[in-house]
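Please keep the sequence and the 3D view open while reading.

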Amino acid sequence: MPALLDKFDAIIETRSSLPDMPQDPFHIVMDKVLSQTEAVIGGRHTILAGTNNYMGMTFEPEAIDAARKALDQGGTGTTGSRVLNGTYSIHKALEAKLAEFYGMKHAMVFSTGYLANLGMLSTIADKDDYILLDADCHASIFDGCALGQAQIVRFRHNDAADLRKRLRRLPEDAGKLVVVEGVYSMLGDEAPLRPMIDAAHEFGAEILVDEAHSMGVCGSTGRGVAQAQMVEADVDYIVGTFSKSVGTVGGFVVSNQPKFEVLRLVCRPYMFTASLPPSVVASATVAVDIIEKAQEKRAHLWNIAQKLHSGLAALGFELVTDRAESPIVAVKLPSLEAAVGFWSALLEAGVYGNVAGPPATPQGLNIMRLSLSAAHTEAQIDQILMSFSEVGTALGIIQTPSETPLATAMSAQARSPQPVDAVAASR
Ligand code: PMP
């Protein structure tokens, strides 16, 4: 009789065929987090270049103070769902803050962004409705579809003509929802929202934009790609998360749809899970406020993202996008083995990034994914570039970079990794 877990044998096989490494690439342990951009990993001081801490909010003093106060006043958790005892006045205040921030009538806070997508997609489209998904959408969007009963149609990534072609084949009077992201999480590329919205509207479809990776980063006040591309008035639902730019955990949806509030009575991933603890709600509320006004941080983040992108390109790495479309910069590697080997060597050199391959990545790509924070300094970007240069050369991924102007400039800088205690003491 086969055991139920036998179905994962192929994955177990692939995992165990990878060379032994000091750290597990898929379950790295942070011994100690020192700041938004530094941690001790395996006893080594490491630059974090693979978090989603885009606005560097995890150590924001005001957010920490607010969390502490809420913890003292409201305790460690609500022990109940939003529809029972889990809605405190601060949950309502956070929803009011989000509605105001987005200039939308309604906001609903979920316990994670994953649950926000699960809730929206499984609830608003029913068995006679259609959901049209960009092929590169996040797992939470696919899982939301799997939980619901709508008919699912995938269209080619960022391809409005393909979306239009598929919309044209659907029954005219059926309910339709088009789902895209502002910035795609793995490759860091941005969606062309205008043509997507135009296609959706032409066929009477509503549109949901997941701004998980663009909130804080894009748009003049950090509302995301819809704000940056000036199409917000044409978007029906914006989904977001507090686990990236907001620096804590939680998810939300904002909308101007007149009947939106009914979702509080029918959306199971909202109704049947515990609500966010007071400390999280309080820090998120403060963080959204700070993000709105953080133009300088945003400008710095875009500058260093551009510097990292052009620096890696100058070293000879093959990048997934032609320019930095977000703080996510993805470097192509020839195989999963090569990507994992690169990741491990980079970690040994004191830089943590993410390694990813199919099915987590599109187009069968194996990548090193770097994601920057507004808290990174120019010096840290230089250090990341230096480490990429060294590891890339040692592993034969790039040619001798010593001949390129950038590498010459970089090798002029002394490279002296700081001991852990010195870094900790300097905080
Ligand atoms: N949407 C997208 C596009 C994401 O990348 C993620 C998380 N990586 C989520 C939603 C889920 O967010 P959360 O971490 O809040 O569950």
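In what follows, a residue is called buried when its relative accessible area is under 20%, exposed when that area is over 50%, and partly exposed in between. The model is predicted.

## Helix α5

With those cut-offs in hand, helix α5, which covers residues 139-147, can be described by its two sides. Its buried residues are Ser140, Ile141, Gly144 and Cys145. Viewed down the axis of α5, these buried residues fall within an arc of 145°, so they line one face of the helix. Ala146 and Leu147 are exposed and lie on the other side of α5. As background to this pattern, an α-helix has 3.6 residues a turn, so residues three or four places apart point the same way.

## Helix α12

Helix α12 can be treated in the same manner, starting with its length. It runs over residues 295-315, and at 1.5 Å a residue its 21 residues should span 30 Å, which agrees with the 30 Å that separates its end C-alpha atoms. The expected span here is 1.5 Å times one less than the number of residues. Buried in α12 are Arg298, Leu301, Ile304, Ala305, Leu308, His309, Gly311, Leu312 and Leu315. Seen down the axis of α12, the directions to these buried residues stay within an arc of 165°, so they line one face of the helix. On the other side of α12, Glu296 and Asn303 are exposed. The residue that follows α12 is Gly316, and its phi is positive, near 105°.

## The ligand and its surroundings

Which residues come nearest to the ligand? Of the 15 residues around the ligand, the nearest are Gly113, Asp210, His213, Thr241 and Ser243.

| Residue | Part of the residue | Distance to a ligand oxygen atom |
|---|---|---|
| Gly113 | backbone N or O atom | 2.7 Å |
| His213 | side-chain N or O atom | 2.6 Å |
| Thr241 | side-chain N or O atom | 2.6 Å |

On its own the ligand has 390 Å² of accessible area, and the protein covers 84% of that area. By class, the shell around the ligand is made up of 2 nonpolar, 10 polar and 3 charged residues. Helix α4, which spans residues 113-124, gives the largest share of this shell, namely 3 residues.

## Contacts and pairs across the sequence

The side chain of Gln380 is joined to the side chain of Thr37 by a polar contact of 3.0 Å.

Tyr184 sits in the loop between β7 (176-181) and α7 (193-202), where its relative accessible area of 2% makes Tyr184 buried. From C-alpha to C-alpha, Tyr184 and Glu211 are 9.0 Å apart in space, while 27 residues separate them in sequence.

Is Gly74, by contrast with the cut-offs given above, buried or partly exposed? Gly74 belongs to helix α2, and at 28% relative accessibility Gly74 counts as partly exposed. Its C-alpha atom is 6.1 Å from that of Pro278, although Gly74 and Pro278 are 204 residues apart in sequence.

## Backbone details in loops

The remaining points concern backbone geometry. Thr79 is not a glycine, yet it has a positive phi of about 55°; Thr79 lies in the loop between α2 (61-74) and α3 (89-102), and with a relative accessible area of 75% Thr79 is exposed. Met230, which is not a glycine either, likewise has a positive phi of about 55°. The loop that holds Met230 runs between α8 (225-228) and β9 (237-241), and Met230 is exposed, with a relative accessible area of 73%.

A cis peptide bond, with omega about 5°, joins Pro358 and Pro359. Pro359 is found in the loop between β13 (354-356) and β14 (366-371).

Conventions. Residues numbered from 1 in each chain as written. Predicted model: local features only at pLDDT ≥ 70, side-chain atom pairs only at ≥ 80, totals over all residues. Heavy atoms only, no water. Near = heavy atom within 4 Å. Polar contact = N/O pair within 3.5 Å; in protein donor to acceptor, adjacent residues only side chain to side chain. Areas by Shrake-Rupley, 256 points an atom, 1.4 Å probe, with all protein chains shown as cover. Helix = DSSP H or I, 4+ residues; strand = E, 2+ residues; numbered from the N terminus. Nonpolar A, V, L, I, M, F, W, Y, C, P; charged D, E, K, R; others polar. Buried < 20%, exposed > 50% of the residue type's maximum accessible area, 1.4 Å probe, protein only. Arc of directions from axis to C-beta.
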